[in-house]
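Please consult the sequence and the structure shown here.

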Amino acid sequence: MSVSVYKFGGASVKDAEHFLSVAKIIGDHKGGSLVVIVSAMGKMTNALESVVAPLNDENLNEAERILRDILAAHLTVVNDLKLDDALNDELKNLYDGVILNFPDLIELHYDQIYDQVIGLGELSSSLILTALL
């Protein structure tokens with residue numbers, strides 16, 4: 001049995017149009033098992049990195065503002081793709097959960113804060129792509 005691995009970088013999923021292209025590529029896959037790896041949407045890792053410094057400086061309001069802007073970008077893609085409202089709610093709950101944990105995050109070392117925040121990009125892209133498929 002053959003296994004194919006497709007890895008889509010941030011530029012491949014930077015907006016709704018690109019998510020549709022990725023979904024077509026996956027849909028056209030013939031035969032064997034398929035493993036799909038998807039990165040954060042284009043430039044989202046950089047945006048998420050900009051949340052870490054305010055958290056490290058205990059500026060929770062600024063960190064929340066930036067994170068809500070990032071969430072808004074993901075919700076725009078979800079809406080452009082006309083995906084189910086349940087995905088909007090799932091993404092909002094995911095980001096709200098991180099924001100609620102900000103007081104705990106500021107107690108951590110910079111690298112630990114970084115690890116807790118950066119993964120949101122890949123997780124968000126994975127949820128969007130899964131819903132699209």
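This is a predicted model: local features need pLDDT of at least 70, side-chain atom pairs count only at pLDDT 80 or more; totals for chains, interfaces and linings use all residues.

Two packed helices are described by the angle between their axes and the distance between the axes. The table sets out these values for each pair.

| Helix pair | Axis approach | Crossing angle | Handedness |
|---|---|---|---|
| α2 (residues 44–56) and α3 (residues 60–80) | within 7 Å | roughly 165 degrees | left-handed |
| α4 (residues 85–100) and α6 (residues 110–132) | within 11 Å | roughly 170 degrees | right-handed |

The axes of α2 and α3 cross at roughly 165 degrees. Because angles over 145 degrees count as roughly antiparallel, α2 is roughly antiparallel to α3. On the α2 side, the contact includes Met-44, Leu-48, Val-51 and Leu-55, and among their partners in α3 are Leu-60, Ile-66, Leu-67 and Ile-70. By class, the contact of α2 with α3 has 12 nonpolar, 2 polar and 1 charged residues.

Helices α4 and α6 cross at roughly 170 degrees, and they are therefore roughly antiparallel to each other. Leu-87, Glu-90, Leu-91, Leu-94, Tyr-95 and Val-98 of α4 meet Leu-120, Leu-123, Ser-124, Leu-127, Ile-128 and Ala-131 of α6. This contact of α4 with α6 divides into 10 nonpolar, 1 polar and 1 charged residues.

Helix α6 also holds Ser-125. Is Ser-125 buried or exposed? Its relative accessible area is 0%, so Ser-125 is buried. Leaving aside residues up to four places away in sequence, Ser-125 touches Val-13, Phe-19, Val-38, Ser-39, Ala-40 and Met-41.

Definitions and conventions. Residues are numbered from 1 along each chain as its sequence is written. Side-chain values use heavy atoms; hydrogens and water are left out. Axes are lines fitted to C-alpha atoms, for helices over the stretch in contact, and angles run from 0 to 180 degrees between N-to-C directions. Helices (H or I, at least four residues) and strands (E, at least two) are DSSP runs, numbered from the N terminus. Angles under 35 degrees count as roughly parallel, over 145 as roughly antiparallel, 65 to 115 as roughly perpendicular and the rest as oblique. A crossing is left-handed if the near helix is turned anticlockwise from the far one by less than a right angle, and right-handed if clockwise. Contact means heavy atoms within 4.5 Å. Ala, Val, Leu, Ile, Met, Phe, Trp, Tyr, Cys and Pro count as nonpolar, Asp, Glu, Lys and Arg as charged, and the others, Gly among them, as polar. Buried means under 20% relative accessible area, exposed over 50%, partly exposed in between (1.4 Å probe, protein chains only).
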